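Visitor: I would like to learn how to read a fold from its coordinates. Please take me through one case.

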Amino acid sequence: MSEQVKKAKEVVESVTFVDIHNKRRLRSVVDARMIYAKILREDGMTFKSIGRTIGKDHTTIMYYIGILDSLIESDPSLNSAYAKCRDLFFAGREEHKIEFDQIQAAKKIREYMDLYDKTKRERDQAMDFSRRLRRLKDILQLIDERTPKGQEKRVWTIINRMFNGGLDNQDE
């Protein structure tokens with residue numbers, strides 16, 4: 001086992017209090033393995049070699065890293081554990097130091113994307129409402145232009161029958 005693998009194992013296990021070689025699929029164990037895999041990947045190891053160190057396939061390691069990126073944005077305790085492990089593992093190596101601003105920027109980007117999606121949905125709803133309103137205005141204008149004075153009740157009855165499925169040739 002190489003020095004970097006030993007160091008990563010010791011750091012992750014000391015921060016998470018979990019044996020990363022434990023075969024159970026408890027959330028705490030899987031989280032620890034994900035942190036371990038991500039740190040080693042950031043240090044330049046291949047997916048396959050990381051997988052070999054914990055008895056996992058390279059695709060599992062790829063999944064771990066991908067899912068961890070999403071989870072650290074939404075789970076503060078996992079984010080904290082990852083940051084501690086990373087800081088301990090890369091201590092003294094400035095090129096691997098994560099700036100807090102980068103993490104905050106990623107959160108802000110996610111917030112803005114969510115706001116954009118919400119705004120887009122609201123815009124689509126407003127456009128749909130506007131289309132319906134234009135259609136209704138055209139119908140009302142037609143009715144207003146073609147309804148003789150005093151015949152409003154008759155037109156109302158005919159429209160009511162038409163929309164209630166009872167249109168026949170009798171009108172009142």
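Visitor: How many helices and strands are there in the protein?

Guide: Start with the secondary structure. This is a predicted model. The protein has seven helices and zero strands. From the N terminus, the order is α-α-α-α-α-α-α.

Visitor: What share of the 172 residues is buried?

Guide: Burial is judged by relative accessible area, with under 20% as the cut-off. Here 26% of the 172 residues are buried. The protein exposes about 12,600 Å², and carbon and sulfur atoms supply 54% of that area.

Visitor: Which residues touch the most other members of the largest nonpolar core?

Guide: A core is a set of buried nonpolar residues joined through side-chain atoms. The largest one has 30 residues, and Val12, Ile35, Tyr36, Ile39 and Leu40 touch the most other members. At least two residues of this core come from each of α1 (3–16), α2 (27–42), α3 (47–54), α4 (58–74) and α5 (76–89). The most come from α2, with nine residues.

Visitor: Which residues is tyrosine 36 in contact with, leaving aside neighbours within four places in sequence?

Guide: Tyrosine 36 contacts Val5, Ala8, Lys9, Val12, Ile20, Ile50, Thr53 and Ile54. For the whole protein, take contacts between residues at least 6 apart in sequence: 52% join residues at least 24 apart.

Visitor: Which residues make the nonpolar surface patch of about 470 Å²?

Guide: Phe129, Leu133, Leu136, Ile139 and Leu140 make that patch. Take Ile139, which lies in helix α6 (residues 100–146). Its relative accessible area is 42%, so isoleucine 139 counts as partly exposed.

Terms used
Residues are numbered from 1 along each chain as its sequence is written. This is a predicted model: local features need pLDDT of at least 70, side-chain atom pairs count only at pLDDT 80 or more; totals for chains, interfaces and linings use all residues. Side-chain values use heavy atoms; hydrogens and water are left out. Patches are made of residues with over 30% relative accessible area and no salt bridge: like charges are joined within 9 Å, nonpolar side chains (Val, Leu, Ile, Met, Phe, Trp, Tyr) within 5 Å. Accessible areas come from the Shrake-Rupley method with a 1.4 Å probe; for residues, only the protein chains shown count as cover. A salt bridge is a side-chain nitrogen of Lys or Arg within 4 Å of a carboxyl oxygen of Asp or Glu. Helices (H or I, at least four residues) and strands (E, at least two) are DSSP runs, numbered from the N terminus. Buried means under 20% relative accessible area, exposed over 50%, partly exposed in between (1.4 Å probe, protein chains only). A nonpolar core is a set of buried Ala, Val, Leu, Ile, Met, Phe, Trp, Tyr and Cys residues joined through side-chain atoms within 4.5 Å. Contact means heavy atoms within 4.5 Å.
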